[in-house]
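Subject: A structure for you to look through

Hello! Here is the structure I promised to pass on to you. Please open it beside this message and follow along as you read.

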Amino acid sequence: SSHKYKFVEKVDYAAMHDFVVYVEGSFGTNNAASTNLEHVTTTRVAQEGAVFTPHVLPIMVGTTVEWPNNDRIYHNVFSMSDAKQFDLGLYKGNPPDKRVTFDKPGRADVFCSIHTSMNCTVLVLENPYFTIMDENGNYKIQNVPPGKYKLKAWHDRLPADEREITVPTNGEVRVDFVLGIKNLPQY
């Protein structure tokens, strides 16, 4: 029945950001050191004003994430996700034992047990070829080795979009994504 959907939250697609674009899969030995990308091994999601910043963090497998609590109140950071399960307990500041290394690919949704509105997503990827779109919806992934790949555009609240691409030895590939809910009924 249609009554069921009366209270569905309206989504302002224009205001959505945190779109991640990434090349799917692993690359041979997948050694990030063999690319000239700087491979970040530690990064952070800050807790401020009872909000996780950034809301979406794409990282490569093996990256360690710090969760500094910059508020004067306690927070607890935990995830029940298949990609990584952890519960850091209640704390303030940035104690060295409150770090999490994400050792397998996947999506980890992270919450605070006290503040139900606090959440963020760590997207653990298999290679260093990923980026976040800028506020104008533009993105660039540098130095992808020549070959055929699946390029994915991802958002935590929309169906992902993917394209087959072929990266030439020289030059660049331009891929435009139209992200949104596809095949909506027409009224």
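Tyr22 stands opposite Phe130 in strand E12. A word on names: helices (H or I, at least four residues) and strands (E, at least two) are DSSP runs, numbered from the N terminus. Two strands count as paired if DSSP finds at least two bridges between them.

Before you go further, please note that this is a predicted model, where local features need pLDDT of at least 70 and side-chain atom pairs count only at pLDDT 80 or more, while totals for chains, interfaces and linings use all residues. Residues are numbered from 1 along each chain as its sequence is written, and side-chain values use heavy atoms, with hydrogens and water left out.

**The sheets**

E1 and E12 are part of an open sheet of 4 strands, in the order E12-E1-E13-E14, with antiparallel pairing. At its edges are strand E12 (130–132) and strand E14 (158–167), each of which pairs on one side only. From one strand to the next, the twist averages 15 degrees; here axes are lines fitted to C-alpha atoms, for helices over the stretch in contact, and angles run from 0 to 180 degrees between N-to-C directions.

Another open sheet has 3 strands in the order E2-E6-E9, and its pairing is mixed. Strand E2 (42–44) and strand E9 (99–101) are its edges; each has a single partner strand, so one side of each is left without a neighbour in the sheet. In this sheet the twist averages 25 degrees from one strand to the next. E2 and strand E6 (residues 64–66) run parallel and are joined by 3 bridges, with Thr43 opposite Val65 in E6.

As you look at the strands, keep one general point in mind: in a regular strand the side chains alternate between the two faces of the sheet.

**The aromatic rings**

How many aromatic pairs does a search of the whole structure find? There are 5. Rings of Phe, Tyr and Trp (its six-membered ring) pair if their centres lie within 6.5 Å; planes under 30 degrees apart count as stacked, over 60 as edge-to-face and the rest as tilted. Phe52 and Trp67 have ring centres 6.0 Å apart and planes at 80 degrees, so this pair is edge-to-face. The two residues are 15 residues apart and link distant parts of the chain: Phe52 sits in strand E4 (residues 51–53), Trp67 in the loop between E6 and strand E7 (75–80).

Are these two buried or exposed? Phe52 is buried, with a relative accessible area of 3%, and Trp67 is buried too, at 0%. Buried means under 20% relative accessible area, exposed over 50%, and partly exposed in between (1.4 Å probe, protein chains only).

The rings of Phe86 and Phe102 also have centres 6.0 Å apart, with planes at 90 degrees, so they are edge-to-face. Phe86 lies in strand E8 (residues 85–91) and Phe102 in the loop between E9 and strand E10 (106–112), 16 residues apart. Both are buried. Ring pairs link Phe52, Trp67, Phe86 and Phe102 into a cluster.

**Strand E7 and its partners**

E7 is mostly covered, with 5 of its 6 residues buried. A hairpin of 4 residues joins E7 to E8, and the two pair in the antiparallel sense over 5 bridges. Asn76 has Leu90 in E8 as its bridge partner. E7 also pairs with E10, again antiparallel, over 2 bridges, and there Val77 has Cys112 as its bridge partner.

Enjoy exploring!
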